[in-house]
Amino acid sequence: MSSLFIIHGRDQGRKFELAQDTVRLGRDNRNEINLNDGETSRIHAEIKRLGEERYQISDLGSSNGTFVNEKRSRNHNLRNGDRIRIGKTILIFTTSANSRGLDSADLVKIIQTPLPESASNIVSSIQADVPSSLSLHDSQQQVDLPNVNFDLVYHAALAVSQTLDIDQLIEKLMQMIFDAIAPDRGCILLLDQDTDEMVPRITRSQIKNEGNDQLQISRSIVDFVMESKQGVITSDAINDDRWDSQASILRMGVSEAICVPMQGRYGTQGVIYIDTRTSPGELVKRNVKSQFTDQHLKMMIAIGHQAALAIEDTNFYSAMIQSERMAVMGQTIAMLSHHIKNILQGINGGSYLIKEGIKKDELPVIESGWRIVEKNQAKISQLVLDMLSFSKDREPELTTGNINTVLDDVVELMQHRATENGVHLAWQPTPDLPPALFDSEAIHRAVLNVLSNGIDACQGVHEASVSLTAQLDQSRQRFEILISDNADGIPEENIEKVFGVFESGKGQRGTGLGLPVSRKIMQEHGGDITLKSKVGEGSQFCLHFPFQTQSTENGTIEIDSNPRQ
C-alpha cells in the first residue's frame, strides 16, 4: 500500500497509509491527514488515487503553495520517493508498486563468480564492526547528500527496533532503505542457522516491466561481506576507460551495488543488498562517476547493524517465551501428575476394600470402599473442571437470577464436608436482595472453591466456623459475597500468593487451582476477589461483581472491567 511518511516538521515520524481514494491534507482536523503546522492552509491539498498504486497530488488554492521535489506544483503525478513540502512539513511518498513480497526465494539468484573478477569491482569497503568507521561525518570532506535524510533513517530505525515480527521488521527495513537511498532494486538475505545458507526473505524493485527476471547477486561478494564483516560498494565502471569519453557515457549506464553485513552482538545475521543503474543523462548532469558514496555505505552499515540487533532481540525474545512456556508446562505436568497420582491411590484403596468386601460378603466393607471411590471421583472431577476453567477464556452467560438461590445450592453441597471436618457452616439468606444479571453456574463454582478452601483451612481449629453472607453495596453498585473463617489466618506478605497457580496451603489435599479459578471467574464478570486476613484471627474473602439488572438495547451487557475497590 502507498503511504506518506513525515520526515520534517512538528509531526515528524508519523506515517499515513493512503487507504482511501481521496485523502486531504491540512491543519483542519477534518482532513484525513491533519498537520500540526501553522503555515499550512486549513484544507491545503489532496491526493487522489488514479489507478492501482497511481496517485496525483493537487493544491487546493493554499496560501503558501504545495511543492513536489522543491518545485511548486498545481497538480503532480506522484512517483515513489517524491518529496512533498507543505508549509514547514516535508513528506515522502512511497508506493509498494513493483514491490516483491516475502516469498522471494524464486526472485533472487546467488550466482557463483570468480573472486578476482568480483573483487576487482569493489570500489570501496568499510569494516562493519569498528565503531569509528560508522561515523557519518567526514572531517576531511563535506559530502553533499541532497537525497539522504538522516532523520528519516533515525525514525524508521526506531520503528524497526520496536518490531518483534521478523517478516514485518525486514519489510519496514526495506521500505526505510528505499525511502532514504532510492535504489532500483534491493533484497535482504538472512542466514539460516540450521543449514548455514543465505535465504532471500524480501526483494523489491522500482524498475517497471521487469517481469520475472531474477535479481542476480555474486556469491563471492556475499561470502566476502559475511567473512570479512565489511560493507562494500561495487561498480562495473572501475578501471574502465569509458570515463575518458563523455560520448561513451551517453551510450551506457553504470551498474552499482552496495552489500553490507547485518552485524549484531553475537554474529552476522545476513546481508542487505541494493543496486542501481545510473542513467547516462544523470551522470553527465551531476558530473559524478558513482551514485553510491562512502556516506551511503556508512549509512547502510549503520542500518544493517540496527537491523541485526533487532533480529537478535526478536530471536532472543521468542526463545525466552518458548522457554517460559516449556517451564510452565513442565511445572503444570509435574503438579497435575502429583495430584492425579494421589487421587488414583485413593481410588485403588477404595477398590481394594470393595474387592475384600465382596470376597467376605461384608456389606459395611463394600460401602466404606465405595465412599472412598466416590470421594476421589469427586476430586478428579473438581480438578478437571478447575483446569478447564483456568485454561479457557470464557464470556459469562448472563441471565437474571437471585444470588441467594445460588448460595443455597453451594451450602447444600458443602454442608456434609463441613460437618465431617467439624466446622460450623453459618449461612443466612439476605432478605430483599434484588434479582440481577450474572452467570449462575460460574458464580456457583467461584463461591464453592472459596468456601471449600475456608472449610479446609479450619480443620483442627477449636470451635471452627465459616460464615457466608451476601449483600448489595448500593454506593458501589455491586454485589458482594463475603466468606469468613476463624482459621489461623495468612501473613500479609503471602496474601497475593494464595491467588497464584499451584499455590496451596493444604498440602496433598489441595491442587492450587481453586482460588485462581475463582478470581478468574469474578474478573470475567467485571469484578474481583479481595482478601483480608490476620494471623491468629482468620480471613475474609470478598467476591464482588457489578450490579446489573437488564441488558442494553443491542442485547449485550455493559460491565465495568475496573470496578472501584
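This is a predicted model: local features need pLDDT of at least 70, side-chain atom pairs count only at pLDDT 80 or more; totals for chains, interfaces and linings use all residues.

**The sheet.** I began with an open sheet of 5 strands, which has the order S21-S23-S24-S26-S25 and mixed pairing. The edge strands are S21 (424–427) and S25 (528–534), and each pairs on one side only. From one strand to the next, the twist averages 15°.

**Ground rules.** Residues are numbered from 1 along each chain as its sequence is written, and side-chain values use heavy atoms, with hydrogens and water left out. For my own reference, helices (H or I, at least four residues) and strands (E, at least two) are DSSP runs, numbered from the N terminus. Two strands pair if DSSP finds at least two bridges between them.

Trp427 has Leu468 in S23 as its bridge partner. Trp427 also belongs with Leu425 to the covered face of S21, while His424 and Ala426 make up the uncovered one.

The bridge partner of Leu531 is Phe541 in S26. Helix H11 (residues 514–524) lies across S25 and S26 and runs at about 135° to S25. That angle, from 0 to 180 degrees, is taken between N-to-C directions of axes, which are lines fitted to C-alpha atoms, for helices over the stretch in contact; contact means heavy atoms within 4.5 Å.

**Aromatic rings.** Next I checked rings of Phe, Tyr and Trp (its six-membered ring), which pair if their centres lie within 6.5 Å; planes under 30 degrees apart count as stacked, over 60 as edge-to-face and the rest as tilted. By this rule I get 4 aromatic pairs. Phe479 and Phe545 form a tilted one, 5.7 Å centre to centre with 35° between the planes. This pair links distant parts of the chain, with Phe479 in strand S24 (residues 478–485) and Phe545 in strand S26, 66 residues apart. My cut-offs are under 20% relative accessible area for buried, over 50% for exposed and partly exposed in between (1.4 Å probe, protein chains only). Phe438, Phe479, Phe545 and Phe547 form one aromatic cluster.

**Cysteines.** How many disulfides are there? I count 0, taking a disulfide as a pair of cysteine sulfur atoms within 2.5 Å. For Cys187, the nearest cysteine sulfur is that of Cys259, 8.0 Å away. Cys187 is buried, at 0% relative accessible area, and Cys458 is also buried at 0%.

**Ser73.** Last, I visited Ser73, in the loop between strand S8 (71–72) and strand S9 (75–77). Ser73 is buried, with a relative accessible area of 14%. Leaving out residues up to four places away in sequence, Ser73 touches Asp59, Thr66 and Val68. Ile84 is 11 residues from Ser73 in sequence and 9.8 Å away in space, C-alpha to C-alpha.
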